[in-house]
Amino acid sequence: MFYSDNLKKNSDIQHCFFSRKNGISTDIYKSLNCGIGSRDDKKNVNKNLDIVSNIFKIEKKNLILMNQTHGNKVKIIETNNNFNRVNCDAMLTKKNSLALCVLTADCIPILIYEKYNKIIGCIHAGWKGALNEIIENTLEKLKEMGGNQKNLIVSIGPCISKENYEVKNDFYLEFSKKSKNSEQFFSKNNKNTFNFDLRAFVNSKFKNFNIQKIDNILIDSFSNENEYFSFRRASKLGQQDYGRCISVIKKI
């Protein structure tokens, strides 16, 4: 379990970037796999989500999960949705009773809090979503809710590090076409491929909006096998599936 120093200063919210520890799943999903879209036994996943809801002292139906598609759709959440996943990659709410959740296994979980208008949010930021403006869309939706980005606290959670995020030339070229000055987030390596800094790219998005209160939990999901699930690590090991870690934010 990992926490943001900035978010912890606010007594009216509760949050956590959960690791893969302290759950009940086994084998490649050991142990706190909260990926209801994974091939893990659904009973185990539901019991893991019970563990999370108990920590937040809410009913499991008030854990709001997304059906993440690496897109750029943002939803404002008003009800518990009867535990049906919301089709989006970012959520915002003013409701006290709801805990917004994001699932990751190398992508970045982002938790945000606009403290004056009491708006919480979560963002699932992989390279596709970040490139296609999931962060910009979230900030625009925040404004529609009456929020002000100047009051925003942003915590960028564990994700794959630049050292372990190797990409090919076509990936680099796609970024170069869609994102100006993206070269700064790439380094050429001795394999004639590139290493991509997803964390730095996402940080730059928030800094472009002059958001000052940003902190990072600097954990590499790829290399920290005991702490975090990783899609890339599972693929390199020839595993057919992988678990997902959950990150949660809730107003008290």
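**Close-up views of a predicted model**

**View 1. A nonpolar surface patch of about 250 Å² is formed by Met1, Tyr3 and Ile55.** Areas come from the Shrake-Rupley method with a 1.4 Å probe. Met1 lies in the segment before helix H1 (5-8). Met1 has a relative accessible area of 39% and is partly exposed (between buried, under 20%, and exposed, over 50%). The model is predicted: local features need pLDDT of at least 70, side-chain atom pairs count only at pLDDT 80 or more, and totals for chains, interfaces and linings use all residues. Residues are numbered from 1 along each chain, and side-chain values use heavy atoms, without hydrogens and water.

**View 2. An open sheet of 4 strands has the order E1-E13-E5-E2, with mixed pairing.** Strands (E, at least two residues) and helices (H or I, at least four) are DSSP runs numbered from the N terminus; pairing requires at least two bridges. Strands E1 (13-17) and E2 (63-64) are at the edges, each with a single partner strand, so one side of each has no neighbour in the sheet. E2 pairs with E5 (residues 99-104) in the parallel sense over 2 bridges. Leu63 is opposite Ala99 in E5.

**View 3. An open antiparallel sheet of 3 strands has the order E9-E11-E10.** E9 (166-167) and E10 (186-188) are the edge strands, each pairing on one side only. E9 and E11 (residues 194-196) run antiparallel, joined by 2 bridges; Val167 has Phe194 in E11 as its bridge partner. Helix H5 (residues 169-178) packs on this sheet, touching E9, E10 and E11 (contact: heavy atoms within 4.5 Å). The direction of H5 makes about 55° with that of E11 (lines fitted to C-alpha atoms, for helices over the stretch in contact; angles from 0 to 180 degrees between N-to-C directions).

Technical notes: Patch = residues over 30% accessible without salt bridge, like charges linked within 9 Å, V, L, I, M, F, W, Y side chains within 5 Å. Salt bridge = Lys/Arg side-chain N within 4 Å of Asp/Glu carboxyl O. Buried < 20%, exposed > 50% of the residue type's maximum accessible area, 1.4 Å probe, protein only.
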